[in-house]
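Please look through the model shown here before reading the dialogue.

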Amino acid sequence: MMNNIEFSNLHREARVKNLKETHFDLVVIGGGITGAGILLDAASRGLKTALIEKNDFASGTSSKSTKLIHGGLRYLKQFDFWLVKEVGSERAIVHQLAPHLVIPEKMLLPLIENGSYGKWLTSVGLKVYDILAQVEGEDQRQMLDASKAIELEPLLPEKILKGAGFYAEYRTDDARLTLENIKTALNYDAVPINYTKVTDFVYDEDEIIKGVEVEDQVSGDNYFIKSNYVINAAGPWVDELRSLNKSKKGKQLHLTKGVHLVFPHEKLPVKQSVYFDVPDGRMIFAIPRGKITYVGTTDTNYNDNKDDVKTDIADAIYLISAVNNMFPSINLEMDDIVSSWAGLRPLIHEEGKAPSELSRKDEIFTSATGLLSIAGGKLTGYRKMAERVVNRVAELMKEEGTEIRECYTDKIPLCGGPWKSFSEVKSYIEELSSKIESKGLKPYHARYLVTTYGKQSESILTLFEKFEGEPEERMVRAEYEFCATYECIQNPFDFFVRRTGRLYFDIDSVRKYQEIILQDHQELFAADSEAIDDLRSDLKHEIDMHSNFSLDRI
């Protein structure tokens, strides 16, 4: 579904006018992956649906995960077979819907002396995992001896290595997955908007919710959006909205922080993804991605500012120690960190359980005033979470005499496709690689474009022709104009972080091209010099916060 429907903050007033004048069936609060999934599910079933996000789409949890659509191997240790079965099945569906974004990734699980996983239990566990997740063919697990494991990953600790499990996962870009769900929903007349904060709920004479009051974070305008139903899918902010609704009773959220560090690939040259032990019993991922390798994640309780989640030096020391412990020939230091990200997991609180023991299941809360809140869950299970909560709306509508169709998002290809298979994606990358060679671009750029935008790469290459300069600069500028026209960015930070992931995976390109992008932004958005100075300052601050771990930061 490649459709280039204009989706832009360059003409924001038209969307605001639509929101003010339309009576919606459903308003969704929260522009992360859960809200995006709900938007597509509801709109595709025929509901007139709006989505409200207070910052940028995917700016909370949904741009800060480990960026894996995985089957939840660790939940077998908690005997949570239902969760493993559901997310295992779901990852295959999401891969089919967007194989350019959800990419097969083999994972190596080293078995070491006195480690968390023994050989027999790992073999049985991975077999059960394959059965529950319906893994087929060459993706089914293999058990390797130590020599074969070393052959696959020479950095492993030979002296204490007993063997390894070798199994299949999927890598993604969580922010892109969120955005493509939102853009796909545009085909069903959904009305999503970012930088719009819900400040209150609107009630009828029986104290039942009939809409929301919002504040436009761009214009400062306040207005009402009328709706028959409201779903609160605000992730870590779910309880704030429940409090605003005076319905925060019973179960509550338990927030934990997850941190990831990014290193140049030459500093941590793993040949493939590794899921490995830490002496304290936790497990860590090391995932190579082009020019870099990233590692994560921590899992610690979090009670600070949800709008300003940082990677602390303590987090960085913990992860570096974990890597150096597993890969003896590697000696990472703080200065080797080129970027980082930190995000929150909105889990359901369970008394007496440590952060890593909390269930990743989702739950729906219904208030006396009719507010539906959904919390918990995992990135991989977003589509089923959406289906469950929209089914709840469908039940309420049926009681009032209106029936809607059942969920069919498992059959709706996401924007950037459609594709017949991942093989077609690989062929397209090769085809594009040949095509762009004459433009001075390299095979790396073809892979980057396709695994970011899919078939929308063609539109970017058309824009590429209008710019002058060296090839990569022309491409970045073409991307920026595409994102301003079709992907609803409001500022360069939306572009560098959530539309392209450059701040995490290619931070040098942010430093190199920020000035030309600021110039293009000024022209496209008719911004004044003072606004551009503020954006320049904000970019400098964000680059520093994500990459500088010198002791003067303490």
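This is a predicted model: local features need pLDDT of at least 70, side-chain atom pairs count only at pLDDT 80 or more; totals for chains, interfaces and linings use all residues.

Trainee: How many salt bridges does a search of the whole structure find?

Mentor: A pair counts when a side-chain nitrogen of Lys or Arg lies within 4 Å of a carboxyl oxygen of Asp or Glu. Applied to the whole structure, the search gives a total of 40.

Trainee: Arg499 forms a salt bridge with Asp56; how many residues apart in sequence are the parts that this pair ties together?

Mentor: The closest N and O atoms of Arg499 and Asp56 are 2.9 Å apart. Arg499 belongs to helix H14, whereas Asp56 sits in the loop between strand E2 and strand E3, so the parts tied together are separated in sequence by 443 residues.

Trainee: Is Asp56 buried or exposed?

Mentor: Buried means under 20% relative accessible area. Asp56 has a relative accessibility of 0%, and therefore it counts as buried.

Trainee: In which strand does Glu363, the partner of Lys251, lie?

Mentor: The side chains of Lys251 and Glu363 meet in a salt bridge, with 2.8 Å from N to O. Lys251 lies in the loop between helix H7 and strand E11, and the pair ties together parts 112 residues apart in sequence. Glu363 itself lies in strand E17.

Trainee: Which helix holds both Lys384 and Glu387?

Mentor: Lys384 and Glu387 form a salt bridge whose closest N and O atoms are 3.1 Å apart. The two are 3 residues apart, about one helical turn, in helix H9.

How values were computed:
Residues are numbered from 1 along each chain as its sequence is written. Side-chain values use heavy atoms; hydrogens and water are left out. Helices (H or I, at least four residues) and strands (E, at least two) are DSSP runs, numbered from the N terminus. Buried means under 20% relative accessible area, exposed over 50%, partly exposed in between (1.4 Å probe, protein chains only).
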